[in-house]
Amino acid sequence: MAYDERLAERVRSLLKGHPALVERKMFGGLAYMSQGKMFVGILNDDLVVRVGADGHDAALKEPHTRPMDFTGKPMRGYIYVGPGGVKTGSQLRTWLSKGLTFVAGVPPKKRKPARSTSTTVHHNRRRTS
């Protein structure tokens with residue numbers, strides 16, 4: 001099992017009716033996106049919450065949290081919340097709200113300008129012999 005399906009159902013239930021939310025399978029788990037930005041996810045039985053660099057240390061002071069080290073190196077701005085931290089609907093709702101609040105304040109990504117492509121046309125002379 002790559003993610004806790006029961007936790008996923010609870011998250012879906014709480015997010016029902018929110019506009020512009022997308023659930024996507026990513027990294028062997030689930031990611032929940034708002035306007036193209038991940039705000040929470042589920043890996044195994046942990047909730048992943050995007051709290052941002054400024055909220056990182058404060059979030060880690062909360063019970064049942066630890067740094068997200070999915071790649072073996074802690075990722076500042078993301079934390080794991082263990083099952084004990086999302087036992088109740090109120091606890092889960094609080095973490096979902098923290099993630100949504102953070103990504104709501106993230107400015108949209110700047111679109112990269114389209115690369116100008118140089119179109120070269122080669123004209124071959126016809127042989128007439």
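Student: How many aromatic pairs does a search of the whole structure find?
Tutor: The count is 0; a pair would need ring centres of Phe, Tyr or Trp (its six-membered ring) within 6.5 Å, with planes under 30 degrees apart called stacked, over 60 edge-to-face and the rest tilted. The model is predicted, so local features need pLDDT of at least 70 and side-chain atom pairs pLDDT 80 or more, while totals for chains, interfaces and linings use all residues. Residues are numbered from 1 along each chain, and side-chain values use heavy atoms, without hydrogens and water.

Student: Why does Tyr80 count as buried?
Tutor: Its relative accessibility is 7%, and buried means under 20% (exposed is over 50%, partly exposed in between; 1.4 Å probe, protein chains only). Tyr80 belongs to strand S6, residues 78–81. Beyond four places in sequence, its contacts (heavy atoms within 4.5 Å) include Leu43, Leu47, His64 and Phe70.

Student: Which residues have the most contacts inside the largest nonpolar core?
Tutor: They are Val11, Tyr32, Ile42, Leu47, Val49 and Trp95, in a core of 22 residues. Helix H3 (89–104) is one of the elements supplying at least two residues, and H3 gives the most, with 5. A second, separate core of 8 residues includes Ala31, Met33, Met38 and Leu43.

Definitions and conventions:
Helix = DSSP H or I, 4+ residues; strand = E, 2+ residues; numbered from the N terminus. Core = buried A, V, L, I, M, F, W, Y, C linked by side-chain atoms within 4.5 Å.
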